[in-house]
Every structure is written in structure tokens, then in C-alpha cells.
Amino acid sequence: MDDFKKYANSFQAKSRLGLESIGRLCEKFQNPQDKLKFIHVAGTNGKGSVCAFLQCILTESGRKTGKYISPNMLDVCERISIDGKNITENEMNALLDEVGKAAAEVERETGAMPTQFEIWTAAAFIYFEKQNCDIVVLETGLGGRLDATNIIKAPLCSVITKIDIDHIDYLGGTLEKIAGEKAGIIKKNSPVVTVNQEECVMEVLKESAKRNESYFFIADTPKNHRQDSMSEIFDLNDIKNLRINLSGLHQTENAALAAEVALFMDIEEKYVLSGLDKARNMGRFEKLSENPCTVFDGAHNLSGTQALINAIERYFPEEKLTIIYGAMADKDIDASLTLFKEHGFCDRARVFTVTVEDNPRAQRADVLADMFSAMGFKVSSFENIGKAYDEAVKQGNTVVICGSLYLYKDLKKYL
């Protein structure tokens, strides 16, 4: 069983999409997902933040609220939580003992061991059912249509965050194809809430909703933005002075989406306000230290990079920067670097590249350095993020660490 736990907690470089394996695994436990109520969240950017906002709002309203997310930042137990409290390591080990026996049966039946993500998803369903959760906020892992989380029946609501080009090897190389995969979570007579999207994306989502006879709703745009240090205050419809402590104007759109979902479910306005204010989400333009000012943001694709740049220009408009950058090799790194260049970062930023540790998908630091250098940046590559950060501190600039959420764990290990 120790070997199984090691497998379940290990990094999986290649995903395996499909519902047969997760279906067989859940059947071994009498389909716990069928006894739960869900809000199902898919999209490219903002899923984690929307889930964080929703869990806080629902918990504030008195509902026992489970949340399932991926990937984790520091500890695998972050993936499964109830009312903001992560599952304990002992509880997780007990769950994996149960799931491990069932996974071995599935392997004997099909010839393939369930993937790590399928194991975690089944474990989450079992845990939430045992804990009698009133509702579960469920984040997709990859895509939607064939994602393991899509084994659930019709949710209370399907939520689609901003869709962008990402994971093209699995989801397709166009926005329309990716939107089609994300729209796969839309089910018969289950309402759909989304944000303003590219026209081609919106057409796909609307058609899927129509085909499933599902009510389709577009969240209103936040208005009258104000900032209080790195917090954001905005208005939504007739609700005034909503405050969030996740930084960046893009987070107001995520907060508005979560608020609209909650209001659609008849959650009282006071709980929406308090839930948004209390929500936190690691690694999303998160200020980690004051001296030097150090900010971490995942920013792993084009939209994420644009949101990061917008936040830097909003909160640190004049400061010189040291950017510590690490990324996955399968991302469109050139496009992100081009954005940095177009916004004048060649002149205001020194770049330190690093390789994300213990991750076979990671791009090498020296390759990243060559890519930055080719675009005119002053750049150095480092053996690890600890050495890069030590050197960044000496520079005396505002430090921005970005390119992959996987960097977060590496950074915390050295800080």
C-alpha cells in the first residue's frame, strides 16, 4: 500500500482523459458522487479563484461546503477541503488505503491503473459523501468533457471561466475546440453561468447550453473599480462596495462570476459580500514579503501573463523589477515573453530563469534564458530558485516570480 500512496502522490507528466476508469473506480464505492450536489467549474484561467470565492460565500451562508481543486501548491491535502479546512494527512492516508484496493481491482479488470487524478477525484467524492457536505465546489482538472470530474450527474450549476489557448495537445489548437471540451460539463437542464468571452467561444457555449436545454447566463461586468492598497473594491449590478483581497483587476471578474452564481442560487447578499472579502487563493498575485517586496503569480499562459502585467502596472507602475521565471516546456512561452517585451519590461526588468524542480515537463533554465535574451532582456539562468532569489534580494528591486504555479513549492522550500 505504501507503493500505491507513492504513486498516488507522484507527479503525472501525461494525462489520460476518459470516464471509464473513474467510473469503474467510483462504482466500487457505490458512486458517492451521485449522493452529492455540485457546482462544477471549468475554464482556462481563474478556476481556482472562482472556486475559492464560491466556497467562502457558501460557507458564510451556513452550508457545509467541500472544495476539490488541482494542482496543489505545497501539500496534496490542499486538493480536498471543507469550509476552508484541508483534509488531514491521517484522513488522506485512510482514504488512500480504501481507494488503493479498489484501484487494484480496476487495474485487473482493465489492464490500466487509474491515474493519479482519478484516484484523487474518487477520494474526494468518498470524503465529501462521508462528511455529509451540503454542496461541493468541483474544479475540473483538464478540459471538461472527458475530465474525471465529469463523471458527476447534472450539477446545480455549471460555471465556465475565461477560456484561452492551453493544453492544445489534449484539447485542440483553436479556441472553438477548447471551448467545446470545456462545454462538455454542461448537462441537461443544468444552468450555465459564464463571463464575457471571445465571440467564437460564446457561440460554442451557447449552442451547448441550447442543446442541453440549459439556462445560459452571462455574469455582469464589475464597475467603478477602486483600489485600497492591493485590495480591490467594485460595484456589481445594484450591489455596492464589494471588496476582494485577491489582487488584480482580473480577479474582480472572477469575483463577479462567483457572486452571480451565488445570487442565482438565492444566497443572501450579505453572505456574498462577506464571502468575497474572506476568500484567499495562494499563488495568484500573492504578496509574500515586504522587504524586498516579493510577489508570486502562476501566469502560465497568454491571458495569465496579460493579467500579471496589468497587475504590475496597477500596483507597481514605476518600480524596477527582478523577474524570476520558470515554465513548463509545453506552454507557449514565446507569446508570454513577447507580451513582457511589448509592455516595456526589457527596460525596467532584470530576468533570472530557473528550472521547476522534479517536473519532467519543465523547460530548462538555460533554454528560457536564451529565449529572453533573443528578445533583448538582460537575463541570467540559475541552478535553482533559492540561488535566484538570493541574488534578486541583492538587486533591491521589486521581485516578481512567475511562469508556473509549480514554482510555488520550490520557492517556499527555500524561503
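User: Leaving aside its neighbours within four places in sequence, which residues is Asn 237 in contact with?
Analyst: Apart from those neighbours, Asn 237 is in contact (heavy atoms within 4.5 Å) with Asp 220 and Glu 260. The model is predicted: local features need pLDDT of at least 70, side-chain atom pairs count only at pLDDT 80 or more, and totals for chains, interfaces and linings use all residues. Residues are numbered from 1 along each chain as its sequence is written, and side-chain values use heavy atoms, leaving out hydrogens and water.

User: Where does Asn 237 lie?
Analyst: Asn 237 is in the loop between strand S10 (231–236) and strand S11 (239–244); strands are DSSP runs of E with at least two residues, helices are runs of H or I with at least four, and both are numbered from the N terminus. The C-alpha atom of Asn 237 is separated by 7.8 Å from that of Pro 222, 15 residues apart along the chain.

User: How does Asn 237 count in terms of relative accessibility?
Analyst: Asn 237 counts as partly exposed because its relative accessibility is 40%. Buried means under 20% relative accessible area, exposed over 50%, and partly exposed in between (1.4 Å probe, protein chains only).

User: Now Thr 322: buried or exposed?
Analyst: Thr 322 is buried, because its relative accessible area is 0%. This residue belongs to strand S14 (residues 321–325). Leaving aside neighbours within four places in sequence, Thr 322 has contacts that include Arg 350, Phe 352, Ala 392 and Val 400.

User: What is the strand order in the open sheet of six strands?
Analyst: The order is S12-S13-S17-S14-S15-S16, with mixed pairing; two strands pair if DSSP finds at least two bridges between them. Strand S12 (286–290) and strand S16 (378–381) are the edge strands, each pairing on one side only. From one strand to the next, the twist averages 20°.

User: And how do S12 and strand S13 pair?
Analyst: S12 and S13 (residues 293–297) pair in the antiparallel sense over four bridges.

User: Changing topic, at what angle do the axes of helix H12 and helix H14 cross?
Analyst: The axes of H12 (residues 333–342) and H14 (residues 365–374) cross at roughly 45° and come within 10 Å. Axes are lines fitted to C-alpha atoms, for helices over the stretch in contact, and angles run from 0 to 180 degrees between N-to-C directions.

User: Which residues make the contact?
Analyst: H12 contributes Ile 333, Asp 334 and Leu 337, while H14 contributes Leu 368, Met 371 and Phe 372.
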